[in-house]
Amino acid sequence: MYDIENYYNAKSVEEAAALLREHPDSRIISGGSDVLIKIREGKMAGTSLVCIRDIKEIQGISKKENGDIYIGAGTTFSHITNDPIIQECIPVLGEAVDQVGGPQIRNIGTIGGNICNGAVSADSAPTVFSLNALLRIEDGNGGRTVPVKEFYLGPGRVDLKRGEILTHVIIPAEEYQGYHGHYIKYSMRKAMDIATLSCSVVSRVDTEKNILEDVRITFGVAAPVPFRCEKTEAALKGMPVDEKLYQTIEESIRQEISPRDSWRASREFRLQIGGEIAKRALIRTVELAGGNRK
Amino acid sequence: MIRDKVLVKCIVNGKEVAEYVDPRESLLDMLRNRLGLTSVKKGCEVGECGACTVIIDGETVDSCIYLAVWAEGKNIRTLEGLEKNGDLTRIQEAFIEEGAIQCGFCTPGFVMSATVLLERGEVLTREAIKKHMSGNLCRCTGYQNIVNAVEKVMKENAAENEGA
Ligand SMILES: Cc1cc2nc3c(=O)[nH]c(=O)nc-3n(C[C@H](O)[C@H](O)[C@H](O)COP(=O)(O)OP(=O)(O)OC[C@H]3O[C@@H](n4cnc5c(N)ncnc54)[C@H](O)[C@@H]3O)c2cc1C
Ligand code: FES
Ligand code: FES
């Protein structure tokens, strides 16, 4: 038996918001792959749960007329990876979440749970940051929309108030159209392991002029929250696509990120790997754009 | 405090089931303790080992981190539902032929993961097979024979499809 005090099942976002306000000791459960583990470990023992699995409106992926992509917070990783809209428009996100845990976890874990958990190792986070995603949050009273980088407050802490539910991760059309992305997860094991360091690069290349027009680089596990390398991005923008570009990203990243020592890996090791995976991810995005590597 | 049990209706191994469950109960406990389906093994209970793997609406799930109340309306398959008239399925036979079983504790979970994979009818590389089986741990066999068994049946199925 799980040590759960009370269990409430919400059928709509409004009902979930009302239940959360009515029961101040309760928290949301979606896939449960973080919450149930924490209950089992005792960290959340005795909590009450508001289940949002039966809320249809937060499941699945749709593309609006203006091209914006809405990913329901309750969509599981495997459904994201297999979704035709994701495969066509933002394959990098489908590939990133295909690196979470193992198949059973990907069939149950949701993107909403991954983001709201606030873990810096979350495999969806670097790509969601590099795509400049917006988060739609509902509270039954009009709600709000926030850029993802304002949502992460610290390790395990996100900007969610009591009674608020993340309903959609929105990728605006202008943030993905013309861009290509690549995510690299560096971990000790190939599967069932969380990232030692991870990096998602999303770039736009002018293949005629052979110029890197725009680039966004986000690291997981390099800081207390997912970390956008804005200095490096500014330095790379407008550079010709050649070996110098790849050398610059590698060196600049090692200046900009400040990973910590942990039992998983030392700071020096993470700096070394960081420069390397950022470079490799950028090279891959240029290849995907059909750009010239040399 | 939770006092009331909740009625859950679902299909388990092709049969309709209606059980009153505790909302704190895992699907693993419901399957083992209420339905006697003891092929569903209790290993780590935190989603790491895959010993408790069952198939829900065509997808593999660790039943230890799945609440029993979530089973409402679902189609659930366990190892007990695979055999037909006492005959094992081809993948079960292949596990025996390839020596993919030692203590056997992980076997039902592996067989369920292999079953969904084979039912998809894709022909995959060894690497891809390993990725699909990566949510299941085995402390005895060293995995090679398990992958051999899956690969063998995958090739047989592909040859049959070509012949047809
Ligand atoms: C064996 C194992 C391996 C794992 N491996 C990885 C891995 O490799 N990479 C990785 O990134 N993660 C991994 N995880 C962690 C976990 O699977 C993910 O973080 C997953 O995305 C959590 O989603 P969920 O729906 O299961 O979340 P839940 O456990 O249901 O919820 C997680 C948190 O988010 C809140 N929440 C959920 N949905 C919402 C919402 N819509 N609005 C507001 N708050 C919400 C909950 O209250 C809770 O605090 C692993 C977990 C396990 C058990
Ligand atoms: S017992 Fe469920 S994954 Fe280990
Ligand atoms: S055969 Fe013993 S754990 Fe796999």
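In which sense do β11(A) and strand β12 (residues 197–206) of chain A pair, and over how many bridges? Please look closely at the sheet to which this pair belongs, and then show me where that sheet sits beside the rest of the chain.

Modeller: Please keep in mind that this is a predicted model, in which local features need pLDDT of at least 70, side-chain atom pairs count only at pLDDT 80 or more, and totals for chains, interfaces and linings use all residues. Residues are numbered from 1 along each chain as written, chains are lettered from A and ligands numbered from 1 in the order of writing, and side-chain values use heavy atoms, without hydrogens and water.

The sheet you ask about is an open one of four strands, which follow the order β11-β12-β13-β14 in chain A and pair in the antiparallel sense (strands are DSSP runs of E with at least two residues, helices are runs of H or I with at least four, both numbered from the N terminus; strands pair if DSSP finds at least two bridges between them). In chain A, β11 (180–186) and β14 (227–228) stand at the edges with a single partner strand each, so one side of each is left without a neighbour in the sheet. To answer your question directly, β11(A) and β12, which covers residues 197–206 of chain A, are joined by seven bridges and pair in the antiparallel sense.

Helix α13, residues 267–288 of chain A, touches β11, β12 and β13 of chain A, and its direction makes about 35 degrees with that of β12(A). With its 22 residues, α13(A) reaches 31 Å from its first C-alpha to its last, close to the 32 Å expected at 1.5 Å a residue (the expected span being 1.5 Å times one less than the number of residues). Just after α13(A) comes A:G290, which takes a positive phi of about 80 degrees.

Chain A is divided into domain 1 (4–51), domain 2 (59–174) and domain 3 (180–288), with bounds from an automatic or database assignment. The C-alpha centres of domain 1 and domain 3 of chain A lie 36 Å apart.

For a second sheet to set beside yours, chain A also has an open one of five strands, ordered β4-β5-β10-β6-β7 and paired in the antiparallel sense. The edge strands here are β4 (61–63) and β7 (144–147) of chain A, each of which pairs on one side only. The twist from one strand to the next averages 25 degrees. Within this sheet, β5 (residues 69–72) and β10 (residues 165–171) of chain A run antiparallel and are joined by four bridges, and the bridge partner of A:G72 in β10(A) is A:H168. Helix α1, residues 13–22 of chain A, packs on this sheet by touching β6 (134–138) and β10 of chain A, and its direction makes about 135 degrees with that of β10(A).

Finally, look at ligand 1, which lies between chains A and B. An oxygen atom of ligand 1 is 3.0 Å from an N or O atom in the side chain of A:K185, while a nitrogen atom of ligand 1 lies 2.9 Å from a backbone N or O atom of A:L166.

Methods:
Contact means heavy atoms within 4.5 Å. Axes are lines fitted to C-alpha atoms, for helices over the stretch in contact, and angles run from 0 to 180 degrees between N-to-C directions. A residue is near a molecule or strand if one of its heavy atoms lies within 4 Å of it. A polar contact is a pair of N or O atoms within 3.5 Å; within protein, one must be able to donate a hydrogen and the other to accept it, and residues adjacent in sequence count only if both atoms are side-chain atoms.
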